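I opened a new notebook page for this structure. I wanted to look things up one at a time and write down what I found.

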Amino acid sequence: TFGEAFKFGGKNILSVIGIYLLWLLTCWIPYINVGTTIALKMLPLKMSEGTAINPLYIFESKYRKCMGGFLLTLVLKSVGIAVAGFFLFFPATVLSLSWSLALYYLLDAKMNPTEALHASNEATYGSKWTLFFVQVVFGLIFGFVAGLFGTLVGILIVSSIAGAIIGVLLLIVLIACIAAIMNGVSASVWLQLRDNVAHK
């Protein structure tokens with residue numbers, strides 16, 4: 001997972017910058033913005049293909065076409081996790097990990113929302129501790145790196161105008177790297193677990 005995350009992320013850092021810029025430029029356009037937001041959530045699926053991503057993929061019509069199923073899956077996930085939250089943190093975390101692949105099954109395997117949630121639960125069975133560990137480790141690594149970069153950027157910003165420009169550019173690069181690698185983590189997990197459930 002760690003190796004693949006950095007491989008997928010490193011290959012697509014510039015693409016991720018382009019994707020987020022395109023999303024920011026179009027997020028105010030009704031209907032289009034739903035499709036681009038869904039495409040953004042499906043970035044790990046694109047990464048799992050193993051090739052450099054063309055940022056224009058976020059405008060593909062298939063993402064707008066699955067709007068209803070996508071929103072229904074999100075609602076079902078949110079309600080289920082919220083109910084589990086009444087039984088404290090641990091059940092909600094387990095359910096969140098259980099359903100973490102549901103949106104990918106919805107789009108990639110053409111399942112309906114309930115089938116996608118069920119498939120995700122089956123695919124992650126026996127792997128939840130690993131998924132939790134990976135999230136914690138990456139969270140700690142990125143927290144440490146972000147702290148170091150934050151200190152460096154703060155020093156640059158107060159030093160001079162040129163330093164401020166360099167600091168902002170470094171911050172953009174850092175955010176892009178983190179976003180690319182985190183999506184790479186999800187892509188790697190999807191590749192490893194998706195075949196635990198037979199696609200329809």
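**Entry 1: leucine 170**

I began with leucine 170, which lies in helix H11. The model is a predicted one, and I kept that in mind throughout. Is leucine 170 buried, partly exposed or exposed? I looked up its relative accessibility and found 26%. Buried means under 20% and exposed means over 50%, so a residue in between is partly exposed. Leucine 170 therefore counts as partly exposed.

Next I listed what leucine 170 touches. Leaving out residues up to four places away in sequence, I found Phe149, Leu152, Val153 and Leu156. I also checked the separation from glycine 35, which is 135 residues away along the chain. The C-alpha atoms of leucine 170 and glycine 35 are separated by 30 Å.

**Entry 2: helix H10**

Two of the names from that contact list came up again here. Val153 and Leu156 are among the buried residues of H10. I noted the others too: Lys128, Leu131, Val134, Val137, Phe138 and Phe142 are buried in H10.

What covers these buried residues? The cover includes helix H1 (2-11), H7, H9 and H11.

Then I checked the length of H10. H10 has 32 residues and reaches 46 Å from its first C-alpha to its last. That is close to the 46 Å expected at 1.5 Å a residue.

**Entry 3: helix H7**

I found Ala92, Thr93, Leu97 and Ser98 buried in H7. Against which helices do the buried residues of H7 pack? I wrote down H6, helix H9 (113-124) and H10.

**Entry 4: helix H2**

I moved on to helix H2, residues 13-26. H2 has 14 residues and spans 20 Å from first C-alpha to last. The expected value at 1.5 Å a residue is 20 Å, and H2 is close to that.

Which residues of H2 are buried? I found Ser15, Val16, Gly18, Ile19 and Thr26. I then looked down the axis of H2. The buried residues fall within an arc of 165°, so they line one face of the helix. On the other side of H2, I found Leu14, Leu24 and Leu25 exposed. The buried residues of H2 pack against H3, helix H4 (43-47) and H11.

**Entry 5: tryptophan 23**

I stayed in helix H2 for tryptophan 23. Its relative accessible area is 24%, so tryptophan 23 is partly exposed. Not counting residues up to four places away in sequence, tryptophan 23 touches Asn33, Thr36, Thr37, Leu40 and Ile58.

How far apart are tryptophan 23 and threonine 36 in space? They are 6.3 Å apart, C-alpha to C-alpha, and 13 residues apart in sequence.

**Entry 6: lysine 41**

Lysine 41 is in helix H3. I found a relative accessible area of 44%, so lysine 41 is partly exposed. I again left out residues up to four places away in sequence, and lysine 41 touches Phe70, Leu103 and Tyr104. I compared its position with that of serine 159, which is 118 residues away along the chain. The C-alpha atoms of lysine 41 and serine 159 are separated by 38 Å.

**Entry 7: two loop residues**

I looked at backbone angles next. Tyrosine 31 has a positive phi of about 75°, although it is not a glycine. Tyrosine 31 is found in the loop between H2 and H3.

Lysine 110 also has a positive phi, near 55°, and is a residue other than glycine. Where does lysine 110 lie? I found it in the loop between H8 and H9. Lysine 110 has a relative accessible area of 67%, so it is exposed.

**Entry 8: the largest pocket**

I finished with empty space. Rolling a probe the size of a water molecule over the atoms shows where empty space is left. The largest pocket holds about 450 Å³ of space. It is lined by 19 residues, and the closest to its centre are Ser100, Leu101, Tyr104, Gln135 and Ser186. Tyr104 was already on my page, as a contact of lysine 41.

Which helix gives the most to the lining? H11 does, with 5 residues. Among the helices that each supply at least two residues are H3, H6 and H10. I sorted the lining residues by kind and got 12 nonpolar, 5 polar and 2 charged.

Note on methods. Residues numbered from 1 in each chain as written. Predicted model: local features only at pLDDT ≥ 70, side-chain atom pairs only at ≥ 80, totals over all residues. Heavy atoms only, no water. 1 Å grid on protein atoms, 1.4 Å probe; cavity = no way out; pocket = protein on both sides within 12 Å on 5 of 7 lines; lining within 4 Å. Points joined across faces, edges and corners; volume = space filled by probe spheres on them. Helix = DSSP H or I, 4+ residues; strand = E, 2+ residues; numbered from the N terminus. Nonpolar A, V, L, I, M, F, W, Y, C, P; charged D, E, K, R; others polar. Expected span 1.5 Å × (residues − 1). Buried < 20%, exposed > 50% of the residue type's maximum accessible area, 1.4 Å probe, protein only. Arc of directions from axis to C-beta. Contact = heavy atoms within 4.5 Å.
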